[in-house]
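Subject: A structure for you to look at

Hi there,

Here is the structure I said I would pass on to you. Have a look at it first, and then read my notes below with the model open beside them.

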Amino acid sequence: MKKKELVVSAIQNGTVIDHIPSDKLFQVIKILNLQDGKDQMLFGTNLESQKLGKKAIIKIQNRFFETSEINKIAIVCPTATLTIIKDYEVVDKRIPSLPDEFEGIVKCYNPKCITNHENVTPKFKVLDKQEIKLQCHYCQRITKEETLSFL
Amino acid sequence: MNMKNRNLISITDYSKEEYIHILDLAETFEKEPVQNIAQGKVVATLFFEPSTRTRLSFESAANRLGAKVIGFSDASNSSTAKGESLADTIRTVSCYADLIVMRHPLEGTARLASEVATVPVINAGDGANQHPTQCMLDLYSIRKTQGTLDNLNIAMVGDLKYGRTVHSLVEAMCHFNTTFHLVSPESLKLPSTVKMHIKEKNLKYYQYTTIAEAVDKADILYMTRVQRERFLDIQDYEKVKNSCILDKSMLEHVKPNMKVLHPLPRVNEINTDVDPMPQAYYFQQAQNGVYVRQALIAAILGLK
């Protein structure tokens with residue numbers, strides 16, 4: 001039998017975020033503010049994936065996320081899975097799900113929306129979680145997946 | 001019903017009972033327009049883009065209640081011209097007035113203003129988004145001419161895609177078992193997000209491309225202007241601007257109770273030969289705007 005090899009080494013305690021589409025890696029880093037983290041982090045991208053073709057993976061030592069933080073990732077990659085590791089053992093697995101409402105992350109697609117002109121954090125109501133439909137709290141226009149752009 | 005300090009940003013902010021309350025109050029102002037109940041109060045009218053009807057009718061309403069009016073009618077006269085943020089302008093004006101009435105070309109500004117203001121805010125139009133006081137005066141005019149808001153056939157004509165007054169009126173009339181007759185050029189049909197409200201209530205709607213197909217079925221014929229400023233491409237505007245025009249000859253076989261409404265200003269979509277006809281109600285409709293705005297100011301300031 002062929003020996004399996006880990007492309008990115010294991011962590012002792014922390015969180016593994018797997019099945020991130022490769023082109024979404026940097027957005028996930030930004031959404032979770034990982035760029036400011038002081039803990040050990042491993043990033044791998046363009047790794048082979050049966051499900052996604054190419055995927056990215058993040059391993060963060062000593063970091064455990066709140067449900068609200070995890071759910072924010074669902075906007076960019078609903079396919080992601082989070083594995084919680086304690087003492088090299090998997091203790092929990094979690095899947096992000098879109099919240100009913102959220103702030104920031106995404107821009108309102110309407111060029112005439114006040115959030116694109118003043119220093120205001122956009123807020124959205126999630127109308128459809130499958131086909132991403134986000135209604136702007138301010139201008140009430142609906143941003144869909146094809147018009148999605150990130151802050 | 002206590003509506004003191006309630007913002008009015010979108011027509012969906014108020015319940016059916018609250019609209020009815022405002023319409024009932026407006027009726028009392030129609031009977032007795034001058035009531036000095038707001039003496040000592042200050043109403044700020046902040047118009048970041050030009051408007052004749054809405055601003056003057058708000059100012060007239062405030063004056064008839066005995067309130068003083070401060071404000072501006074052009075953003076170049078405000079400190080936003082110096083680069084001040086909208087939020088800062090609103091916070092400052094909150095210190096000077098008991099109520100803010102605002103219009104702004106950008107969408108969502110009134111909602112933002114209501115979140116930073118320490119006094120109530122009435123949206124007098126935010127771009128193509130909402131214009132709830134126009135909707136309230138439309139409801140008032142419909143109820144006044146038909147004696148009821150329930151079970152009516154309403155034909156809406158013109159720019160149903162971008163026309164904010166149409167969107168608000170559809171949403172509001174969905175409370176009253178309305179049948180909608182939607183007349184527009186193919187490219188200006190009512191958006192699916194607005195039709196969603198009709199479908200949610202299981203109401204009927206029909207779509208047409210000419211006024212002739214709908215006019216005889218209507219209790220109310222709600223005409224709108226195809227607005228050039230809502231088009232990104234001027235050629236698209238030129239293609240459709242003349243497609244929905246009402247003239248006197250179309251009124252021959254209409255229902256006896258039928259009235260023509262229009263939020264004004266009109267350009268050419270209602271021929272002037274309709275003006276002397278008994279169905280023409282658009283100028284009285286504008287008059288009703290003052291009573292409705294008196295009612296809103298009085299209710300929001302907690303005076304009625």
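**How the two domains of chain B meet**

In chain B, 18 residues of domain 1 are in contact with 17 residues of domain 2. Please keep in mind as you read that this is a predicted model. Domain 1 of chain B covers 11–130 + 289–300, while domain 2 covers 132–286. The C-alpha centres of these two domains lie 25 Å apart.

Which elements give two or more residues to the side of domain 1 of chain B that touches domain 2 of chain B? They are helix H1 (16–31), strand S4 (121–126) and helix H9 (282–300) of chain B. The largest share of that side, five residues, comes from H1(B). Sorted by class, the domain 1 side has ten nonpolar, five polar and three charged residues.

Two packed helices are described by the angle between their axes and the distance between the axes.

Start with helix H2 (residues 53–64) of chain B and H9(B), whose axes come within 8 Å and cross at roughly 55°. Because of that angle, H2(B) counts as oblique to H9(B). The crossing of H2(B) and H9(B) is right-handed. To find the contact on your screen, look in H2(B) for B:Arg53, B:Ser57, B:Phe58, B:Ser60, B:Ala61, B:Ala62 and B:Arg64. They meet B:Ala286, B:Gly289, B:Val290, B:Arg293, B:Gln294 and B:Ile297 in H9(B). The residues of this contact divide into six nonpolar, four polar and three charged.

Now turn to helix H5 (residues 132–146) and helix H6 (residues 164–173) of chain B. Their axes come within 9 Å, and the crossing angle is roughly 55°. That angle makes H5(B) oblique to H6(B), and the crossing of the two is right-handed. On the H5(B) side, the contact is made by B:Pro132, B:Gln134, B:Cys135, B:Asp138 and B:Leu139. H6(B) brings B:Thr165, B:Ser168, B:Leu169 and B:Ala172 to the contact. By class, the contact of H5(B) with H6(B) has five nonpolar, three polar and one charged residues.

**A parallel sheet in chain B**

Next, look for an open sheet of five strands in chain B, in the order S7-S6-S5-S8-S9, with parallel pairing. Why is one side of strand S7 (205–208) and of strand S9 (259–261) of chain B left without a neighbour in the sheet? Both stand at the edges, each with a single partner strand, so one side of each has no neighbour there. From one strand to the next, the twist of this sheet averages 20°.

You can follow one pairing in detail. Strand S6 (residues 179–183) of chain B is joined to S7(B) by four bridges, and the two run parallel. B:Phe180 stands opposite B:Tyr205 in S7(B).

**Chain A**

How many helices and strands are there in chain A? It has two helices and nine strands, and along the sequence they follow the pattern β-α-β-β-α-β-β-β-β-β-β. The C-alpha trace of chain A spans about 60 × 30 × 20 Å along its principal axes.

Chain A is divided into domain 1 (14–94) and domain 2 (101–147). Taken over C-alpha atoms, the centres of these domains are separated by 24 Å.

There is an open sheet in chain A too, with four strands in the order S6-S7-S8-S9 and antiparallel pairing. Its edge strands are strand S6 (101–103) and strand S9 (142–144) of chain A, and each pairs on one side only. The twist of this sheet averages 35° from one strand to the next. Within the sheet, four bridges join strand S7 (residues 123–128) of chain A to strand S8 (residues 133–136) of chain A, and these strands run antiparallel. One residue to look up is A:Phe124, whose bridge partner in S8(A) is A:Cys136.

**Where the chains touch**

Finally, bring both chains into view. Twelve residues of chain B are in contact with 15 residues of chain A. On the chain B side, helix H3 (86–94) and helix H4 (109–116) are the elements that give two or more residues. H4(B) gives the most to that side, with three residues. The chain B side divides into four nonpolar, six polar and two charged residues.

Enjoy exploring, and write back whenever you like.

Best wishes

Notes. Residues are numbered from 1 along each chain as its sequence is written. Chains are lettered from A and ligands numbered from 1 in the order in which they are written. This is a predicted model: local features need pLDDT of at least 70, side-chain atom pairs count only at pLDDT 80 or more; totals for chains, interfaces and linings use all residues. Domain bounds come from an automatic or database domain assignment. Two residues are in contact if their C-beta atoms, placed from the backbone, lie within 7 Å. Ala, Val, Leu, Ile, Met, Phe, Trp, Tyr, Cys and Pro count as nonpolar, Asp, Glu, Lys and Arg as charged, and the others, Gly among them, as polar. Axes are lines fitted to C-alpha atoms, for helices over the stretch in contact, and angles run from 0 to 180 degrees between N-to-C directions. Angles under 35 degrees count as roughly parallel, over 145 as roughly antiparallel, 65 to 115 as roughly perpendicular and the rest as oblique. A crossing is left-handed if the near helix is turned anticlockwise from the far one by less than a right angle, and right-handed if clockwise. Two strands pair if DSSP finds at least two bridges between them.
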